[in-house]
Amino acid sequence: MIESIVPFIPALFKGLMLTLFYFVLGTAGSMLLGLPVALGLGSPSRTVRFPTIAYVEFFRNTPLLVQLFWIHFALPAITGINTTAEQTAGLAIVVVMTAYMAEVYRAGFNAVGQGQLEAAQALGLKPWQRWFLIVIPQAFQIALPAIGNTLVSLLKATAILSILSVPELLRTTSRISDYTANPILFYSVTAIIYIASGLLLAYSLRRLEVRLNRWRAH
């Protein structure tokens, strides 16, 4: 069995690296853009809040497969800007996961007690100081378990990029299984890779959560 896998290890490794690339891109993009979107969700201005809610609800309530096809085929027809399959994949992963991450951040913000903001205001801190020194650090720690779940979902969601023929891990596995006529073996190997990656990610996030709890206790 091992002899059947060895010749395809470089191709599987290359597919895994592309999967991890989209995972890192989605993680960085959604964690960065999710913050202003989360602030927009709680904005007192309807002009800001309503479009932000519409964006989040659209991407949270439509299938990722539909969103991929819409971004790849409909968006160029509307904007006149064509994208490659790889560009569509990167754009879709960031845009969709930002909507999910914004909801996670919003829940974290709501969990920070109003008394914390009032105390910061009483100390004379400016609004941006209240958010960046008081609210956001606490909200991030509260939201960390939910952030972890979202990132694990993101890792698995990268598999759907294979529908655009992006040669990530699942697409590579499909090609190898077609070539070797041995789908059970190679899809099993791919499942093990996804499980190992997910467990490693969950373990790393738990370690980060423990460290943050220790730091907060001191």
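## Helices α2 and α7

Helix α2 passes α7 in a right-handed crossing, the term for a near helix turned clockwise from the far one by less than a right angle, anticlockwise being left-handed. The model is predicted: local features need pLDDT of at least 70, side-chain atom pairs count only at pLDDT 80 or more, and totals for chains, interfaces and linings use all residues. Residues are numbered from 1 along each chain as its sequence is written, and side-chain values use heavy atoms, with hydrogens and water left out. Helices (H or I, at least four residues) and strands (E, at least two) are DSSP runs, numbered from the N terminus.

Two packed helices are described by the angle between their axes and the distance between the axes. For α2 and α7, the axes cross at roughly 145° and come within 11 Å. Such axes are lines fitted to C-alpha atoms, for helices over the stretch in contact, and the angles run from 0 to 180 degrees between N-to-C directions. From α2, the residues Thr19, Phe23, Gly26, Thr27, Met31, Leu35 and Leu39 meet Trp131, Ile136, Phe140, Ile147, Leu151, Leu154 and Leu155 of α7; contact here means heavy atoms within 4.5 Å. Sorted by class, this contact of α2 with α7 holds eleven nonpolar, three polar and no charged residues. Ala, Val, Leu, Ile, Met, Phe, Trp, Tyr, Cys and Pro count as nonpolar, Asp, Glu, Lys and Arg as charged, and the others, Gly among them, as polar.

## Helices α2 and α5

Helix α2 covers residues 9-41 and packs with α5 at an angle of about 45°, the two axes lying 6 Å apart. That angle makes α2 oblique to α5, because angles under 35 degrees count as roughly parallel, over 145 as roughly antiparallel, 65 to 115 as roughly perpendicular and the rest as oblique.

The crossing of α2 and α5 is right-handed. In the contact of α2 with α5 there are 17 nonpolar residues, along with six polar and three charged ones.

## The kink in α4

Helix α4 runs over residues 64-79 and has a kink of about 35°, centred on Ile71. The bend at a residue is the angle between axes fitted to the seven residues ending there and the seven starting there.

Ile71 is also one of the buried residues of α4, together with Gln67, Leu68, His72 and Pro76. Buried means under 20% relative accessible area, exposed over 50%, and partly exposed in between (1.4 Å probe, protein chains only). The buried residues of α4 pack against α3 (46-60) and α5 (85-111). After α4 comes Gly80, with a positive phi near 80°.

Gly148 belongs to helix α7, which spans residues 127-157. Gly148 counts as buried because its relative accessibility is 8%. Between Gly148 and Thr88 there are 60 residues of sequence separation and 25 Å from C-alpha to C-alpha.

Tyr203 is placed in helix α9. With a relative accessible area of 46%, Tyr203 is partly exposed. Gly115 lies in helix α6 (residues 114-122) and is partly exposed at 43% relative accessibility. Gly115 and Ala89 are 26 residues apart along the chain, and 43 Å separates their C-alpha atoms.

## Positive phi in two loops

Ser165 has a positive phi, near 65°, and is not a glycine. Ser165 sits in the loop between α7 and α8 (169-180). Its relative accessible area of 37% makes Ser165 partly exposed.

Ala181 also is not a glycine, and its phi is positive at about 55°. Ala181 counts as exposed, at 65% relative accessibility.

## The chain as a whole

The protein chain has nine helices and zero strands. Along its principal axes, the C-alpha trace spans about 70 × 50 × 20 Å.

Of the 218 residues in the protein chain, 39% are buried. Among contacts between residues at least 6 apart in sequence, 74% join residues at least 24 apart.
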